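Good morning, and thank you for making time for this presentation. Please have the sequence and the structure in view while I speak.

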Amino acid sequence: MRGGHPAHEEGGTVAPERYGPATGGAARLPGPRRAAAAPPDGPDAPGTDAGDEAPGKGGKGRALTGIAAAAVTTCLAIVVAGQVADREDDAPAVRAAQQPAERTSEDSASRSDERPKPASPAPVKRQPAPTYEQLMTRQFPIDPKLAGPGDFEAVPGLDKAPGKGQKYRYRVDVEKGLGLDAKLFARAVQQTLNDKRSWAGQGAMTFERISSGKPDFVVTLASPGTTGTWCAKSGLDTTVDNVSCDSASTERVMINAFRWAQGSETFGPKAIHAYRQMLINHEVGHRLGHNHVTCRTPGALAPVMQQQTKSLEIDGIGCRPNPWVYPRS
């Protein structure tokens, strides 16, 4: 509406605008007339539907409807924007809460599907403990000039005499600090003395190892220095060839630890077991009252009471090493 006159927007051609004298308006301006745009024809033409507003009120109604629609749209936009904002505010927390689970799932899948499984370690096979026979064939390291403290320890335990005849009760002492197997030594003494090829072989005697009480003698494993000291008490010098002795003026049968551990050149390293048996039988033989005996037949087995540690050849007669009293038994 302009200047108080209604402008008809629906139906027919819009009349030219005139400023009549009744309004006291100015005269009509010169220039071409402008015609109002013709309304669209056809079914979409305004005012043809029953729901259209009455003439004269359509423009205003539609304006109000548009305003209301715009208001509703604006409200919806505000609500939607608020919901979006709420979602965006909550998204970091939600993502933070979800991330560990998602990462765990990814890591788990990565470990199980992509990474190769570590190989299981091969089971460690425990080597069986060496037997008595195996230990008796081994050499053990020791200094040939070792001088121990002179303190002894009795090997604990009791090995009863297995045979008949006169019983000899003996104890086994080992000098402290040797680093040698005391139980192995004690077992070797007992098994050697009671072997059928040894002093007990004819049934005249048997040997029993004790660790307490009064023994008939003490088989003692000692360092070369301590062996020399105890042998000197009976007038014997063992330092020249680093040998053993029966210290007859004392209770001790001295076994030189160097010879026990390393053997001798006469027997060699491959026969160290036999050498140790000879060493025990020879020195205990002295305690039993036997003196040195030499080989008289070339190539024969040397007598157990021959000084086989020093030499297997006496007076030009060479014999073979022998650890036994009765080697053919």
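Let me begin with a definition: a residue is called buried under 20% relative accessible area, exposed over 50%, and partly exposed in between, with a 1.4 Å probe and protein chains only. By that definition asparagine 242 is buried, with a relative accessible area of 13%. I shall return to this residue later.

Some notes on the source are needed. This is a predicted model, in which local features need pLDDT of at least 70 and side-chain atom pairs count only at pLDDT 80 or more, while totals for chains, interfaces and linings use all residues. Residues are numbered from 1 along each chain as its sequence is written, and side-chain values use heavy atoms, with hydrogens and water left out.

First, the overall architecture. The chain has 6 helices and 8 strands; helices (H or I, at least four residues) and strands (E, at least two) are DSSP runs, numbered from the N terminus. Along the sequence, their order is α-α-β-β-α-β-β-α-β-β-α-α-β-β. Of the 329 residues in the chain, 32% are buried. The accessible surface comes to about 21300 Å², and 54% of it belongs to carbon and sulfur atoms; these areas come from the Shrake-Rupley method with a 1.4 Å probe, and for residues only the protein chains shown count as cover. Contact means heavy atoms within 4.5 Å. Among contacts between residues at least 6 apart in sequence, 63% join residues at least 24 apart.

I turn now to the interior. In soluble globular proteins, nonpolar side chains tend to be buried together. A nonpolar core is a set of buried Ala, Val, Leu, Ile, Met, Phe, Trp, Tyr and Cys residues joined through side-chain atoms within 4.5 Å. The largest one here has 41 residues, of which Leu180, Phe185, Trp199, Phe207, Leu221 and Trp260 touch the most other members. Elements that give two or more residues to this core include strand 2, strand 3, strand 4 (217-222) and helix 5 (257-262). Which element gives the most to this core? That is helix 3, with 6 residues.

Leaving aside neighbours within four places in sequence, phenylalanine 185 is in contact with Val172, Val174, Val219, Leu221, Ile255 and Trp260. At the start of the helix, a side-chain oxygen of aspartate 181 comes to within 3.1 Å of the backbone nitrogen of lysine 183.

Next, the charged pairs. Side chains of opposite charge can pair when their charged atoms come close. The structure holds 9 salt bridges, each defined as a side-chain nitrogen of Lys or Arg within 4 Å of a carboxyl oxygen of Asp or Glu.

One of them joins glutamate 208 and arginine 169, at 3.9 Å from N to O. Glutamate 208 lies in strand 3 (residues 205-210) and arginine 169 in strand 2 (residues 166-175), so this pair ties together parts 39 residues apart in sequence. Glutamate 208 is buried at 10% relative accessibility, whereas arginine 169 is partly exposed at 30%.

Another links aspartate 246 with arginine 287, with the closest N and O atoms 2.8 Å apart. Because aspartate 246 lies in strand 5 (residues 245-246) and arginine 287 in helix 6, the pair ties together parts 41 residues apart in sequence. Here aspartate 246 counts as buried at 10%, and arginine 287 as partly exposed at 23%.

Notes
A polar contact is a pair of N or O atoms within 3.5 Å; within protein, one must be able to donate a hydrogen and the other to accept it, and residues adjacent in sequence count only if both atoms are side-chain atoms.
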